[in-house]
Amino acid sequence: MNKVKVAVNGYGVIGKRVADAVHLQDDMELSGVCDVITDWRIKMAGLKKYFVFASDETFRNNMNKGRINTSGTLNDLLASSDIIVDCTPKKIAAQNIELYKKLGKKFILQGGEKHETTGHSFSAENNYETALGRNATRVVSCNTTSIVRTLTALKKANLLSKARGTLLRRATDPWESHLGGIMNTLVPEQEIPSHQGPDVQSIDPGIDVITSAVKVPITLSHLHYWNVQLTRKAGKEEVMEAFHHSKRIAMINYEDGLPSNNTIKELMLSLNRPNGDMYEVALWEDILKVVNDELFYAYVVDNQAIVIPETIDAIRALTAIEKNAERSMQKTNESLGIRQRFY
Ligand SMILES: NC(=O)c1ccc[n+]([C@@H]2O[C@H](COP(=O)([O-])OP(=O)(O)OC[C@H]3O[C@@H](n4cnc5c(N)ncnc54)[C@H](O)[C@@H]3O)[C@@H](O)[C@H]2O)c1
């Protein structure tokens, strides 16, 4: 079987993880990564023996001056690729769409871009099939991905009536916390719903969901609290069984030394996950409570990692190298070591 040639444009927090994950797949080949930077971050790509491309000739000259071995510009990378995963910052990716379209290349954008940029938003366990063979999709943001995963599991078990969630959002990513972020304060978003609720509906308009969000002075991950109106009275076991149907939700226990996001991060490091990444939604089994027909739960989202498996599945869906969602997800899960219990 011919491997799909995948380009990654933007080798930052998400791009470098997508590149590593593509590199692990036996049905994909990383054709190269493209960026505009000249510091240690892009030098890591060279160290991994990935082909490095510069956005244009000016950036290529800068990279060459910085003794970074380049294989060409973005146009060269695109010419040797079947599909592009654009992981450049919010709003920059949208500007690249015309070029991808002109060259007739399939492309995937990330959650910083609007649904309208591709006309399709992706979350593997919910709507893999609708992305099959399309030219483009957008993998929704980290928070939205976690919401779609959890609520889809409840919906598939006919338990979901409506869901209301409060998101505690990390202020900035760890690597750039010297540059900005908030300290000693909590900053609620002025608008309810926060954008994540409507974003969920860009994937599944049938989900009744409203979100509120608070920016908190941490970098590691997000934490969500959810109140769900169930369709009927249910027991905890039934709800747990529903969540179990998602292979990308992992149950954790507060009582097992995991009462916080930093302990969860340490667990990921102990599991030798690359960068301490957690692709799963880590949901507290011993916090989860059902009161008659109401469900309450909390979970942690590793914002830097959760969209990586989704992006790999989106590549398979757009290129149609795997038409079956379950088979794609199983392949992705195995390659990244995704599991429902961490130990
Ligand atoms: N960081 C997260 O937690 C997170 C989570 C989910 C989704 N996302 C989304 O992923 C996308 C990328 O975010 P990120 O956090 O990885 O950003 P980032 O800033 O860490 O990385 C972006 C990379 O793109 C490079 N770049 C900038 N302009 C470029 C250009 N013209 N051509 C090529 N490369 C260019 C930058 O140098 C940088 O290396 C955004 O849409 C974001 O909303 C981010």
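This is a predicted model: local features need pLDDT of at least 70, side-chain atom pairs count only at pLDDT 80 or more; totals for chains, interfaces and linings use all residues.
1. Strand 4, residues 83-86, is buried on both sides. Ile-83 and Val-85 point one way from the strand, Ile-84 and Asp-86 point the other way, and all are buried.

2. Strand 4 has parallel partners. Strand 1 (residues 4-9) runs parallel to strand 4 and is joined to it by 4 bridges, with Asn-9 standing opposite Asp-86. Strand 5 (residues 106-109) is likewise parallel to strand 4, through 3 bridges, and here Ile-83 stands opposite Lys-106.

3. In helix 8 (residues 196-203), the buried residues are Gln-196, Gly-197, Asp-199, Val-200 and Ile-203. Viewed down the helix axis, these residues fall within an arc of 160°, so they line one face of the helix. The elements covering them include helix 6 (124-131), helix 7 (142-156), strand 8 (160-170) and strand 10 (209-216).

4. A cis peptide bond, with omega about 5°, joins Ile-192 and Pro-193. Pro-193 lies in the loop between strand 9 (187-188) and helix 8.

5. Two residues other than glycine have positive phi values. Lys-49, with phi near 65°, is in the loop between helix 2 (40-47) and strand 3 (52-54); it counts as exposed because its relative accessibility is 71%, and the cut-off is over 50%. Asn-292, with phi near 55°, is found in the loop between strand 14 (289-291) and strand 15 (294-301). At 47% relative accessibility, Asn-292 counts as partly exposed.

Terms used: Residues are numbered from 1 along each chain as its sequence is written. Side-chain values use heavy atoms; hydrogens and water are left out. Buried means under 20% relative accessible area, exposed over 50%, partly exposed in between (1.4 Å probe, protein chains only). The arc is that of the directions from the helix axis to the C-beta atoms. Contact means heavy atoms within 4.5 Å. Two strands pair if DSSP finds at least two bridges between them.
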